[in-house]
Amino acid sequence: MNFAELTYRSPVDGRVERYYCCDRGPGSDLLVYLHGHGSLGDQLLTRPDIAAHLPQIDSLGLSVISPDLRGNGWMSPAAAADLAWLLRRERTARGWRRTLFLAGSMGGTGALIFAMLHPGLVDRAAV
């Protein structure tokens with residue numbers, strides 16, 4: 001899987017945020033991976049116990065976004081607004097279909113909070 005390190009400017013306050021993206025093309029489903037406490041979006045790529053899941057994700061043909069989300073924002077109002085904006089923008093631009101969330105620890109808590117705040121942007125969540 002080829003990941004690009006990308007940035008965007010938050011629509012909330014102009015803060016520059018980073019995310020990692022693997023685009024499998026239009027029509028693919030999107031997997032949003034949320035990091036846990038003390039980590040950032042690169043956790044999916046750098047932690048051996050988590051990176052071990054990349055071959056399975058690759059075999060499913062999923063596009064992936066793994067954002068920093070303001071460090072340990074844990075789905076603060078600003079982090080939730082940033083993620084909602086990013087997902088809307090990227091899904092439209094890239095032609096992705098369903099959005100699936102995968103997360104553990106505090107990332108799992110963030111995924112559940114986000115799903116409650118923005119149910120129209122979450123098709124499935126595994127925490």
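Leu69 counts as buried, at 7% relative accessibility (buried is under 20% relative accessible area, exposed over 50%, partly exposed in between, with a 1.4 Å probe and protein chains only). Before going on: this is a predicted model, where local features need pLDDT of at least 70 and side-chain atom pairs count only at pLDDT 80 or more, while totals for chains, interfaces and linings use all residues. Residues are numbered from 1 along each chain as its sequence is written, and side-chain values use heavy atoms, with hydrogens and water left out.

Back to Leu69: its phi is positive, about 50°, although Leu69 is not a glycine. You'll find Leu69 in the loop between strand E4 (63-67) and helix H4 (77-94). Helices (H or I, at least four residues) and strands (E, at least two) are DSSP runs, numbered from the N terminus. Ser105 is another non-glycine with a positive phi, near 55°. Ser105 sits in helix H5 (residues 105-117) and is exposed, with a relative accessible area of 59%.

Now for strand E4, where 5 of its 5 residues are buried. In a regular strand the side chains alternate between the two faces of the sheet. In E4 both faces are covered: Ser63, Ile65 and Pro67 are buried on one side, and Val64 and Ser66 on the other. As for pairing (at least two DSSP bridges between two strands), E4 runs antiparallel to strand E2 (residues 16-22) over 4 bridges, with Ile65 as the bridge partner of Cys21. E4 also pairs with strand E3 (residues 30-34), in the parallel sense over 3 bridges, and there Val64 stands opposite Leu31.

On to charges. The model has 12 salt bridges, each being a side-chain nitrogen of Lys or Arg within 4 Å of a carboxyl oxygen of Asp or Glu. Here are some of them:

| Pair | N to O distance |
|---|---|
| Asp58 and Arg24 | 2.7 Å |
| Asp29 and Arg98 | 2.6 Å |
| Arg89 and Glu90 | 2.7 Å |

The bridge between Asp58 and Arg24 links distant parts of the chain, 34 residues apart: Asp58 is in helix H3 (residues 54-59) and Arg24 in the loop between E2 and E3. Asp58 is partly exposed at 30%, and so is Arg24 at 34%.

With Asp29 and Arg98, the separation is 69 residues, from the loop between E2 and E3 to the loop between H4 and strand E5 (99-103). Asp29 is buried at 8%, whereas Arg98 is partly exposed at 37%.

Arg89 is partly exposed at 31%, while Glu90 is buried at 5%. Salt bridges with shared partners join Asp23, Arg89, Glu90 and Arg94 into one network.
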